[in-house]
Amino acid sequence: MNELRATVAKHKSAVEGFGSGITPRLATAKGEVETLAQGVVEQVAALRPSISASLGALLTQVTATNVTLADPSPRFDALASEVEGHQQSLTASSTTARTKAESLGQEATAKSQGLEAQAKSSAESSQGQLTALQQQVAQKCDADKKSFDAKLAKRKGSKQETEARRAQGYALIDQTRSQLTQDLTGVGSTLTAALAAVLVRLTTSRDAATGRSTQLTSTLDGAVKNPVSALKTLHQEIVSAGTTAKDTHQQQQSALEGQRKTLVDQLMAAAAASAAIVDPLDTQVAPSLTAGKAQADGALDTLGKTIGGQVASVTAQLTAVEKLIDQVQKQVETAITTVSGTIDGVVQGALTAVETLKAPLKATLEAAFTTLDTLVATISALKQQVMALFEALPQMLEQLQTLFQQIVGSLESLLERAMGLLDAIPAADLPKPLVSPAVQGISQVVGQITTQLGTLSSQVGTQLQAVQKTIVSQVETVQTQAQTQIDTATTQAVTQMGTLTQSVLQGIEQATAQVGQIVAAAVTQIGTVKDQGVQQIEAMKQQVAARVTPLDTQVPQRLEALDAQVGSGIDAAVQAMQTARDSAEGQVTSAKGRLDSQLGGTKTSVAAGLASLEQARASADTSLASQADSALAAFKQRAEGLKTGAQTQVDSVSTQATGQKPQLLSPLDAIGTQLQGGAFAKPVTAANGRVTSALNALGPKLDALAS
């Protein structure tokens, strides 16, 4: 039945698939009709983007065309800044040179003033030292007169001789005073003359340095003033020229932008003309396309309804066969239920008979298990009985151990006692005549004790052997009894197990034979019932097959005829739309030709305009650059000439100020070195030495006169 149902379902699925496929085919045909109509509409619609694309590309090209001219005014501004930098640099250089030149006079003046103060201070200090020396001479001479008078007063001689000597001494003192005073006065005059000479040299060196400083400053002013003024004037000329260049650039830039705007206006006019060609197509092409599409859609709708009715008729026929199969299927299921019930009854009877055989087999097994439980209990009791025989053995062994420990203890006690007796004999304290008898007595005692111990040990060994034999005999007896009981119990258990096993096996064999007979009878009965049910079901299936088999030929033929009908109807509808499309395409093609001609002319004209615009831009750019280059080169040459000439003179002044400085300041440095070497202190030091020598020489002479 399932195969028949599957066959009908396959045919029904094919019919339904064909029916469901009609709508997509008609939809596809309508889509093709729509595509034919829409294709022309899209061609018309595509004309506008083509206009926008062509003219937009040209407009983009025109807009993107470079009409920017390089503005030369920043170059003039840069050069003006450079000239201003020259002016500032020259001014800064002249300031630096002026500082060097002025510093020459300033440093000479400051140094000469310092040296002048140092010379005057040193001269005054030396004059003070001379004055102190003069006072020292006067004081020393006065002191020498007093000392001389005192010495004369102590001298023994005539008054006349003493007075003569005093007169002679006074004359010597006055002569020394006069000579030293004259010497110191001469040194003072020398210091005054030396100071005047130093001051004259300082003034001369200072005036030479300040005069050269003034000369260099004047030279610098003459070298810088005119070039700086000329650079200022040149700066203004460059700024003015840059403004003129900027105005010229803006004028030519505006002219180029106006020329580009003319090209943009030309493209706008071309766009309007192209739209005038495309816009009428909407009213010319749309009506014919709409009418053709409506006619084709109506034909396809009618075809769909006709084919749908025929497909529904075939589907209804197949549905009736499915209903017949459902009815027969219910009858088959009823027959299967009846056969199944009969078979279930047979199986249940067989199971009941088998359960009846299980009861005596179960009783036999339970009896066997009871017997096994009894054997296990007997073996357990035998185990307890055998173990009881061995319980007395530990007690006897314990008694033997106790006896052995007592004997050993007695022997140890006896040995200790004997050794104590031996130790108690004072053999060391005995006189020599008694030593030998004492030693013999001790030897006899030791021999007796040893003999007693040997006898006692022999007796203990004999007793222990007797006890050992008794224990071994008892153990062997217990072992024999236990082995006998175990052998007897084992034989009984094996015999009972063999009998029990034989009984159980016989019961199982009998039950197995009876169960086999019951199952064989049930299988035979089930086979008979099954064959009867199968024959009944096959008859029902033959009845349904007679209705299903013709469908294998009828359904494909019907579907093939319907498919051909659908194909021819769709082709007719599409062909009608194709005719309307061809007519509309002719109109679109004509309009497209006019549009291409219009756009081609515009493109050529715009390309020529762009070329002209680029040529004008290049020419203007070259002209502006050439004029700027020429003017800037002249300005730059003038600026460089002014800067270079003035800078050379400024550098010369700076070099002279730096180079001549050591030469102009060296006389002052020499005077400073001379002052540092003590030019005013040396004469005073020499005079001090002469004064000291003269005064020191006067003392011995006076002492000679006073003696």
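This report walks through a predicted model, from its overall fold to a few individual residues.

## Overall picture

Let's start with the secondary structure, which comes to 8 helices and 0 strands. Of the contacts with a separation of 6 or more, 97% are between residues 24 or more positions apart.

The protein has 707 residues, and buried ones make up 29% of them. Its accessible surface comes to about 40,700 Å², with carbon and sulfur atoms accounting for 58% of that area.

A word on confidence before we look at details. The protein averages a pLDDT of 77, and 73% of the residues score at least 70. Helix H8 has the highest confidence, at 91, while helix H5 (residues 392-424) has the lowest, at a mean of 58. Where pLDDT is low, the predicted coordinates should not be read in detail.

## The nonpolar cores

The largest nonpolar core holds 35 residues, and the members that touch the most others are Leu130, Val137, Leu184 and Phe680. Two or more residues come from each of H2, helix H3 (159-278), helix H7 (551-676) and helix H8 (681-706). H2 is the top contributor, giving 11 residues to this core.

Leaving out residues up to four places away in sequence, Leu184 touches Leu130, Leu133, Gln134, Val137, Ala687 and Val691. Apart from this core lies another, of 23 residues, with Ala97, Leu216, Val224 and Val653 among them.

Ser126 belongs to helix H2 (residues 73-154). Its relative accessibility is 2%, so Ser126 counts as buried, the cut-off being under 20%. Beyond its neighbours within four places in sequence, Ser126 is in contact with Leu191, Phe680, Ala681 and Val684. Phe680 has come up already, as one of the core members that touch the most others.

Gln647 is placed in helix H7. At 15% relative accessibility, Gln647 also falls under the 20% cut-off and therefore counts as buried. Setting aside residues up to four places away in sequence, Gln647 touches Ser89, Leu90 and Ser93.

Val200 sits in helix H3. Val200 and Glu116 are 84 residues apart in sequence, with their C-alpha atoms 9.8 Å apart in space.

Val534 is found in helix H6 (residues 432-548). With a relative accessible area of 42%, Val534 lies between the 20% and 50% limits, so this valine is partly exposed. Val534 and Ala335 are 199 residues apart in sequence, and the C-alpha to C-alpha distance is 9.0 Å.

## Aromatic rings

Which ring has the charged end of Lys145 over it? That ring belongs to Tyr170, and the charged end sits 5.1 Å from the ring centre. How many aromatic pairs does a search of the whole structure find? The search returns 0.

Definitions and conventions:
Residues are numbered from 1 along each chain as its sequence is written. This is a predicted model: local features need pLDDT of at least 70, side-chain atom pairs count only at pLDDT 80 or more; totals for chains, interfaces and linings use all residues. Side-chain values use heavy atoms; hydrogens and water are left out. Helices (H or I, at least four residues) and strands (E, at least two) are DSSP runs, numbered from the N terminus. Buried means under 20% relative accessible area, exposed over 50%, partly exposed in between (1.4 Å probe, protein chains only). Contact means heavy atoms within 4.5 Å. A nonpolar core is a set of buried Ala, Val, Leu, Ile, Met, Phe, Trp, Tyr and Cys residues joined through side-chain atoms within 4.5 Å. Rings of Phe, Tyr and Trp (its six-membered ring) pair if their centres lie within 6.5 Å; planes under 30 degrees apart count as stacked, over 60 as edge-to-face and the rest as tilted. A charge sits over a ring if NZ of Lys or CZ of Arg is within 6 Å of the ring centre and within 35 degrees of the ring normal. Accessible areas come from the Shrake-Rupley method with a 1.4 Å probe; for residues, only the protein chains shown count as cover. pLDDT is the predictor's confidence in each residue, from 0 to 100.
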